[in-house]
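Please look over the sequence and the model shown here.

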Amino acid sequence: MKTVVGIFSSPAGSARAYSELRSLNLHGEDVIVLTPEASLQQIDAVPTEDGEQPGMGKALGGVIGGAMGLAAGAVVASLLLPGVGAVIAIGVGAGTLGLGGAVAGAAGGGALEGLLTRGLPKDEIFLYEDALRQGRTVIIVTSEDDDLLTQSRQLMERNGAESLDAAREKWWIGLRDTGVANYDAPQEARNEPLYRSGFQSALEPDLRGKPIQDASSILKERFPLIYQEEGFQRGYARAQEYYSNLHKKESEESHAA
């Protein structure tokens, strides 16, 4: 199974893309929409065409707490992601997350990892999570038909989907601007790719929460030439701290609510 992913900053763009994707010859389970709960309500207020009345949110699952208006067999699941809050998964394919409409707790961040079985690369998961933290919507299309995937990609791009490369750079620049990815030593700034590789590797699903000594066998296999470099290991350690703080922030906000 192969995938294409669209990351949307515009509620109107994601709504139109989803509407058009449903017109392609895709199976119901081939399209999953992930959107922050607040964004779903924004989408509901967006007209899909010039002069058309708002209400696209109902085609995406409806405003939470209201009528869903879903196609037969569709699934709406809710999960909590660290630093994001409530995220809604919409579409028949949401059932592959194993949530079945239930609300997952703090450990629900692992729910996105269930999409790995449908071809989603593990080293990209953090990009989708970050997009959701920024209030964006993520649409995932899975298929074995290359032509359908090409059509889906072009369709999403026409509706304003951001490329993964652009999303990756925006994510990293954001971390630097907020001080999260600040370098501990001058040599790390001079060798940013090494530090960044370590940072990103620590956010892969099977490495999150693992001290570098516990992850050495995995890192040796994936990054045999650089995993022992000091810059790589500093980046790895900083990312573990970053991810731990996301969980802590979510827990504090949950208790405050």
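**Terms and their grounds**

Q: Where is glutamine 200 placed?
A: Glutamine 200 lies in helix 8, residues 192–201, where helices (H or I, at least four residues) and strands (E, at least two) are DSSP runs numbered from the N terminus. This is a predicted model, in which local features need pLDDT of at least 70 and side-chain atom pairs count only at pLDDT 80 or more, while totals for chains, interfaces and linings use all residues. Residues are numbered from 1 along each chain as its sequence is written, and side-chain values use heavy atoms, with hydrogens and water left out.

Q: Why is glutamine 200 called buried?
A: Its relative accessible area is 16%, and buried means under 20%, exposed over 50% and partly exposed in between (1.4 Å probe, protein chains only), so glutamine 200 counts as buried.

Q: Why does proline 121 count as partly exposed?
A: Proline 121, found in the loop between strand 4 (85–90) and helix 4 (125–133), has 28% relative accessibility and therefore counts as partly exposed.

Q: With which residues is glutamine 200 in contact, leaving aside its neighbours within four places in sequence?
A: With those neighbours left aside, glutamine 200 is in contact (heavy atoms within 4.5 Å) with Phe126, Arg168 and Trp171.

Q: Which residues touch the most other members of the largest nonpolar core?
A: A nonpolar core is a set of buried Ala, Val, Leu, Ile, Met, Phe, Trp, Tyr and Cys residues joined through side-chain atoms within 4.5 Å; of the 35 residues in the largest one, Leu34, Val138, Trp171, Phe199, Leu203 and Leu219 touch the most other members.
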